[in-house]
Amino acid sequence: MSEWLNYAERAITGEELSLDEGLSILQADDEEVLPILQAAFKVRSHFYGKKVKLNMIINAKSGLCPENCGYCSQSIVSTAPVEKYSFLDKETLLAGAREAMERKAGTYCIVASGRGPTERELDGVIEAVEEITATMPLKICACLGILTDEKAKRLKQAGVHRYNHNINTHRDHHEAITTSHTYDNRVETVESAKSAGMSPCSGVIIGMGETDEQIVEMAYALREIDADSIPVNFLHAVPGTPLEGKSRTAPMKALRVLALMRFINPSKEIRVSGGRELNLRTLQPLALYAANSIFVGDYLTTEGQSVEIDHHMIEDLGFEIEERAIPVT
């Protein structure tokens, strides 16, 4: 049995890889990428078969953010020419949900810039979510920034299934990316979501200057948090942001990162997220041998590829879209 297949067998049984074993994946030669993906697919198929979960984002509030996150075109320190608008109204959020259904997405992600939701913004989300969940078989994921326990409970009661708040980077690298909130603020919000009964979603952005060791430790951190869904973003260095000019992640490295995440978090939803088109380029289909989830359509302030291309990519792989996250009764 190859080293990588051994990793796969151990991952399926719940055994955690060591730091050195994780590094061996990230630092393997490019010639090893296909055997690594074969082993990652063994784990992926054990838990998810050939199904692919589709997610769609609506940018419910754009720009106007007081935080200083270096990767974000919506932050206060960004000069990127992004559209700025306050919270979308209920009808626009409902129209987005209907669009998610048309795209065959099972999860509709309501995302808003800012440190955290105001009471008025929270009320608007709750009103829309209550109608969406009453009329459409969609899972709702909210990503509204830092939450209090009380606000988390209100979202859960309204019908929000999942809450996203990424750790984004390694604890020791966090202050190099943002200083307007702490790493612990992020972890505490994930814990608040969990305590309220929402499914925790937390992931990373690769390519912001972190080391390979830190990438492995980020995968461990997400395992410790017990995130049900792990978005793996690859930095899209938008001109006008502090990280402007950062080199993109090489496609083969990106594939090794996704495989690592699968080995360390074998039963979790691993989602290829922002930056996949720019960083993976023509190797995007290979990502689905490790990941089992993607976003369809545009991201927050950057464009994705067409929904038709994503549907064709999944079909051409012989995989199957999981069209309904919630069974119709």
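Analyst: In this predicted model, the count of disulfides comes to 0. A disulfide is a covalent bond between the sulfur atoms of two cysteines, and the cut-off used here asks for a pair of cysteine sulfur atoms within 2.5 Å. The sulfur of C141 has its closest cysteine sulfur in C109, at 4.6 Å, which is too far for a bond.

Under the name "binding site", an unreviewed UniProt entry lists C109, C141, C201 and R271. These residues span 163 residues in sequence, yet no two of their C-alpha atoms are more than 13.7 Å apart, so they gather at one spot. The lining of the largest cavity takes in C109, C141, C201 and R271.

What does C109 touch, once residues up to four places away in sequence are not counted? Its contacts are N55, M56, I57, I58, C141 and F295, so the C141 whose sulfur was discussed above is among them. C109 itself lies in strand β2, which runs over residues 107-112, and it is buried, with a relative accessible area of 3%.

C201 belongs to another strand, β5, made up of residues 199-201, and with a relative accessible area of 0% this cysteine is buried. Leaving aside neighbours within four places in sequence, C201 is in contact with R162, Y163, N164, H165, S229, P231 and R271, and R271 is also one of the residues in the UniProt list.

Some of those contacts lead on to a helix. Residues 162-164 form strand β4, and the buried residues of helix α6 pack against β4, as well as against α5 (119-135) and α8 (183-196). Within α6, which covers residues 149-158, the buried residues are K151, A152, L155 and A158. Seen down the axis of α6, these buried residues fall within an arc of 125 degrees, so they line one face of the helix. Just after the helix, G159 takes a positive phi of about 115 degrees.

Most residues other than glycine have a negative phi, and it is therefore worth looking at two residues that depart from this pattern. D226, which is not a glycine, has a positive phi of about 65 degrees; D226 lies in the loop between α9 (212-225) and β7 (229-234) and is partly exposed, with a relative accessible area of 38%. R281 is likewise not a glycine and has a positive phi of about 50 degrees; its place is in the loop between α11 (276-280) and α12 (284-287), where it counts as partly exposed at 47% relative accessibility.

Methods
Residues numbered from 1 in each chain as written. Predicted model: local features only at pLDDT ≥ 70, side-chain atom pairs only at ≥ 80, totals over all residues. Heavy atoms only, no water. Buried < 20%, exposed > 50% of the residue type's maximum accessible area, 1.4 Å probe, protein only. Helix = DSSP H or I, 4+ residues; strand = E, 2+ residues; numbered from the N terminus. Arc of directions from axis to C-beta. Contact = heavy atoms within 4.5 Å. UniProt positions renumbered as here; feature names shortened; annotations may be inferred. 1 Å grid on protein atoms, 1.4 Å probe; cavity = no way out; pocket = protein on both sides within 12 Å on 5 of 7 lines; lining within 4 Å.
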